[in-house]
Amino acid sequence: MKKIDVCLSPDLIHLYDLKGQAVVVVDIFRATSCMVTAFAHGAAEILPVEDVELCASYGAKGYLTAAERNGLTPAGFDFDNSPFSYQVERVKGAKICVTTTNGTVALRRSASAARVYAGAFLNISRVKDALRAWNGDALIVCAGWKGKPNLEDTLFAGALIDMLHGEFAVADDAALMAWKQYNLASNDLLTAVKNSSHVNRLLGLGIEKDIAFCLEMDRYSVLPYLVNDALRIDETI
């Protein structure tokens, strides 16, 4: 049976062998939720980078630019890190360069895997279908917060494992913990995360509406995957 595992932070990714694996990168609050939303509204390409200055430089190359550090957006960028910002007409057909505190770091560090998907609750069934079709093991890479695990990404990992139960074997304790935590929280994810550090951080910035939105299941049917360093839509699954 195929195996599924969970890397709770990009800082732990060196402990995993990515060769031949399908990796799902998740940053629920809010990078991958934004990316999924952007593609659902017609974005052509999203280029994730780790550096703010590098991201800004892509504005001169015909890209729209988006940046987030510590929940805030530096001056001079087209988009912040809210999924509501990507529900606009200018997203359609656009190439967007993005840098965030955690999510783009996780994507860049996962790039050597055989396949890399951007996952969120917003597109979790598309991710599930892709892994079902994948002929090999899978790893969920949680973006976390500055090297530390966080609750919402771990809950996504548990939810995906739950959906794939019977088709993938749980590989290790991190995956088992995520799965068990999701089983405890599945009836009310919003309540489950209400005391989490990232929720408190977002509430402190007045971003309450993003929290509920990013926890919605299957709002969109798009599947971003990494090819040649940029995310595009996988239409084959």
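Is methionine 177 buried or exposed in this predicted model? Methionine 177 is exposed, with a relative accessible area of 52%, where exposed means over 50%, buried under 20%, and partly exposed in between (1.4 Å probe, protein chains only). A word on conventions before the views: this is a predicted model, in which local features need pLDDT of at least 70 and side-chain atom pairs count only at pLDDT 80 or more, while totals for chains, interfaces and linings use all residues. Residues are numbered from 1 along each chain as its sequence is written, and side-chain values use heavy atoms, with hydrogens and water left out.

**View 1. Methionine 177 on helix α6.** Methionine 177 belongs to helix α6, residues 173–185. Helices here are DSSP runs of H or I with at least four residues, strands are runs of E with at least two, and both are numbered from the N terminus.

View 2. Leucine 226 stands opposite leucine 231 of β10. The hairpin has 2 residues between its strands. One of the loop residues is asparagine 228, whose phi is positive, about 50 degrees, although it is not a glycine. Asparagine 228 counts as exposed at 71% relative accessibility.

View 3. Leucine 12, in the loop between β1 and β2, lies 21 Å from aspartate 229, C-alpha to C-alpha, and 217 residues away in sequence. Leucine 12 is partly exposed too, at 33% relative accessibility.

**View 4. Isoleucine 96 in the largest nonpolar core.** A nonpolar core is a set of buried Ala, Val, Leu, Ile, Met, Phe, Trp, Tyr and Cys residues joined through side-chain atoms within 4.5 Å. The largest one has 77 residues, and Val6 and Ile96 have the most contacts inside it. Among the residues that isoleucine 96 touches, leaving out those up to four places away in sequence, are Ala38, Ile46, Leu64, Phe79 and Val91. A second, separate core of 10 residues includes Leu47, Val52, Ala67 and Cys97. In soluble globular proteins, nonpolar side chains tend to be buried together.

**View 5. Strand β6 and its parallel partner.** Strand β6 (residues 115–119) is largely enclosed by the rest of the structure, because 4 of its 5 residues are buried. It pairs in the parallel sense with strand β2 (residues 22–26) over 5 bridges. In that pairing, valine 25 has alanine 118 of β6 as its bridge partner.

**View 6. Helix α4 under cover.** Of the 10 residues in helix α4 (residues 124–133), 7 are buried, leaving the helix mostly covered. The buried set includes Ile124, Arg126, Lys128 and Leu131. The cover over them includes β1 (2–7), β2, β6, β7 (138–142), α5 and β8 (168–170).

**View 7. One face of helix α8.** His198, Val199 and Leu202 are buried in helix α8, residues 197–204. Seen down the axis, the buried residues fall within an arc of 100 degrees, so they line one face of α8; the arc is taken from the directions from the helix axis to the C-beta atoms. Elements covering these buried residues include α5 (151–163) and α9 (208–214). Just after α8, glycine 206 has a positive phi of about 75 degrees.

View 8. Phenylalanine 29 and arginine 30 are joined by a cis peptide bond, with omega about 15 degrees.

How values were computed
Pairing = 2+ DSSP bridges. Contact = heavy atoms within 4.5 Å.
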